[in-house]
Amino acid sequence: MKKSTILLLVLAWLLSPIQSAEASKDNKVKVEDVVSMQVVGGIHGTKPSPMYKNNNAIGKEVITKVTDWINSSIPIGVQPVYGRHGYPRILKIQLTTKESLYVEVGYICVTSNTPPPGVLTPKGETYIFKSCSELKDEIVIGNSTSSLRAKSPELYKWLKMWELKVNK
């Protein structure tokens, strides 16, 4: 029950367009509710970031900074479900309730039945083409059932830093 309450509060806070100072105090991701976080995913074989745990000084420092960025992000709206959209690097946040949150760089996908220039398809065949692109300074925050977009230039840059470290 507690894990569902925390996730609903976080998502409700992020979805609410107007937040009073009193209401937003209760709807924040609290540092003490985070067990660990790690940047995972990417192209197959990509190594994850270090595991940041709340029970050591470096981990607590990173967790505090990231939760501050999440809590100060500006809600934009619900993230549409596009299905697979490449190989994103995802920040996985493990909560004390055993529930997980994830954060990734914001994106938008466009589908079309017209092939991109230079792509040949057999005559008479119908294909759906999907193209996804990142949205600068936007992030997607979610859990196993829903996700939404928010504006957070700092967290966007931090997530992009992990992509650059891996792609060097």
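Modeller: In this predicted model, Trp158 is buried, and Trp162 is buried as well. The model is a prediction in which local features need pLDDT of at least 70 and side-chain atom pairs count only at pLDDT 80 or more, while totals for chains, interfaces and linings use all residues. Residues are numbered from 1 along each chain as its sequence is written, and side-chain values use heavy atoms, with hydrogens and water left out.

Colleague: Why is Trp158 called buried?

Modeller: Its relative accessible area is 13%. Buried means under 20%, exposed means over 50%, and partly exposed lies in between (1.4 Å probe, protein chains only), so Trp158 is buried. Trp69, at 16%, is buried on the same definition.

Colleague: How many aromatic pairs does the structure hold?

Modeller: There are 2 aromatic pairs. Rings of Phe, Tyr and Trp (its six-membered ring) pair if their centres lie within 6.5 Å; planes under 30 degrees apart count as stacked, over 60 as edge-to-face and the rest as tilted.

Colleague: What makes the pair of Trp69 and Trp158 tilted?

Modeller: The ring centres are 6.4 Å apart and the planes stand at 55°, so the pair is tilted. Trp69 lies in helix 3 (residues 57–72) and Trp158 in helix 4 (residues 153–166), 89 residues apart. Helices (H or I, at least four residues) and strands (E, at least two) are DSSP runs, numbered from the N terminus.

Colleague: What makes the pair of Trp158 and Trp162 edge-to-face?

Modeller: The angle between the planes is 80°, with 6.2 Å from centre to centre. Trp158 and Trp162 are 4 residues apart in helix 4, so about one helical turn separates them. Trp69, Trp158 and Trp162 form one aromatic cluster.

Colleague: How do you know that Glu134 forms a salt bridge with Lys160?

Modeller: The closest N and O atoms of Glu134 and Lys160 are 3.0 Å apart. A salt bridge is a side-chain nitrogen of Lys or Arg within 4 Å of a carboxyl oxygen of Asp or Glu, so the pair of Glu134 and Lys160 qualifies. Glu134 is in strand 6 (residues 129–142) and Lys160 in helix 4, 26 residues apart. Glu134 counts as partly exposed at 38% relative accessibility, and Lys160 counts as partly exposed at 21%.

Colleague: What are the N to O values for the salt bridge of Asp137 and Lys136 and for that of Arg149 and Glu138?

Modeller: Asp137 and Lys136 meet at 3.8 Å. Asp137 is buried at 17%, whereas Lys136 counts as exposed at 59%. Arg149 and Glu138 meet at 2.9 Å. That pair links strand 7 (residues 147–151), which holds Arg149, to strand 6, which holds Glu138; Arg149 is buried and so is Glu138. A search of the whole structure finds 3 salt bridges.

Colleague: How do you know that strand 4 and strand 5 (residues 100–112) pair?

Modeller: Two strands pair if DSSP finds at least two bridges between them. Strand 4 and strand 5 have 5 bridges, in the antiparallel sense, so they pair. The bridge partner of Lys92 in strand 5 is Tyr102. Strand 1 (residues 34–41) is joined to strand 4 by 7 bridges and runs antiparallel to it, with Val34 opposite Leu95.
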